[in-house]
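Student: I have a new model open and would like to learn how to read it. Can we go through it feature by feature?

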Amino acid sequence: MHRNHSYPAPRPPPSALAIIDGEHRSLEAVLRALRRYVGPLRHHRVKPDCEVFATILSYIETFADRFHHPKEDEFLFRVLRERTRDADRVLLALQHEHAAGPAEFNALKRALLRTRGGGDWEVEEFAFLLEQYTASQGDHLRNEDGIVMPLARRFLTPRDWEPIDLAFRANRDPFFGIGASGPMGSLMKCAVAMA
Ligand SMILES: [Fe+2]
Ligand SMILES: [Fe+2]
């Protein structure tokens, strides 16, 4: 007897729009987790847990600074500039922020190291830099979500999206995305949940 098997239709690959949105939500979760530490650190209620912070910060370093931001510069922002001048100002500011990000981030990491064996002053310095960093990164994401992405949706053609889609599909979010089941993914989820 012949039986009909129904197989689920293959899922279309995710678009860059969906991937960028997902990556922004992951980064937001990380920033929220970091921000929750600012008050307790400042009021000396907790000492920084270097292992938790090192895990969260390595997520930003390995994923956001090495993959996410460079792909925005190289693919999305470049094409958007060719299609409209409306985004010029915000794109210039965002690219400066991408370029400045690693130095800001390294200052934060150095301040974290100084809290090891340091006193109240070192912890306060770390809390101050953490607050600054999370605020500036939050503004950065809001400008991309609120200004850049709507302009990209409006001005980019389906053909423009093709290389952008390909570039972002090649991203591998080591913690929240495809590699999230690995040991770093579990550790990261734990770190964010603890914050
Ligand atoms: Fe960005
Ligand atoms: Fe972004």
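Student: How many helices and strands does the chain have?

Tutor: Helices are DSSP runs of H or I with at least four residues, strands are E runs of at least two, and both are numbered from the N terminus. This chain has seven helices and zero strands. From the N terminus on, the order is α-α-α-α-α-α-α. The model is predicted: local features need pLDDT of at least 70, side-chain atom pairs count only at pLDDT 80 or more, and totals for chains, interfaces and linings use all residues. Residues are numbered from 1 along each chain as its sequence is written, while chains are lettered from A and ligands numbered from 1 in the order in which they are written.

Student: How do I describe two packed helices?

Tutor: Two packed helices are described by the angle between their axes and the distance between the axes. Axes are lines fitted to C-alpha atoms, for helices over the stretch in contact, and angles run from 0 to 180 degrees between N-to-C directions. Take helix α1 (residues 16–35) and helix α3 (residues 50–83): their angle is about 150 degrees, and their axes lie 11 Å apart. That makes α1 roughly antiparallel to α3 (over 145 degrees; under 35 is roughly parallel, 65 to 115 roughly perpendicular, the rest oblique).

Student: Which residues of α1 and α3 meet?

Tutor: A contact means C-beta atoms, placed from the backbone, within 7 Å. Glu23, Leu27, Val30, Ala33 and Leu34 of α1 meet Ile56, Tyr59, Ile60, Ala64 and His68 of α3. By class, eight are nonpolar, one is polar and one is charged. Nonpolar covers Ala, Val, Leu, Ile, Met, Phe, Trp, Tyr, Cys and Pro; charged covers Asp, Glu, Lys and Arg; the others, Gly among them, are polar.

Student: Is Ala64 buried or exposed?

Tutor: Buried needs 20 or more other C-beta atoms within 10 Å of the residue's own, exposed means 12 or fewer, and partly exposed is in between. Ala64, in helix α3, counts as buried because it has 22 C-beta neighbours inside 10 Å. Of the 195 residues of the chain, 25% count as buried.

Student: What does the largest nonpolar core contain?

Tutor: A nonpolar core is a set of buried Ala, Val, Leu, Ile, Met, Phe, Trp, Tyr and Cys residues joined through C-beta atoms within 7 Å. The largest here has 20 residues; Val30, Leu34, Ile56, Ile60, Phe126 and Leu130 have the most contacts inside it. Two or more residues each come from α1, α3, α4 (88–115) and α5 (120–155). The biggest share is that of α3, with seven residues. Apart from this core lies another, of 11 residues, including Phe77 and Ile164.

Student: At what angle do α3 and α6 pack?

Tutor: Helix α6 (residues 158–169) packs on α3 at about 170 degrees, with the axes 9 Å apart. The pair is therefore roughly antiparallel. Lys71, Phe75, Leu76, Val79 and Arg83 of α3 meet Asp160, Pro163, Ile164, Ala167 and Phe168 of α6. Seven of these contact residues are nonpolar, none polar and three charged.

Student: And how do α1 and α5 pack?

Tutor: Their angle is about 155 degrees and their axes are 10 Å apart. That makes α1 roughly antiparallel to α5. The contact residues divide into five nonpolar, four polar and four charged.

Conventions
Contact = placed C-beta atoms within 7 Å.
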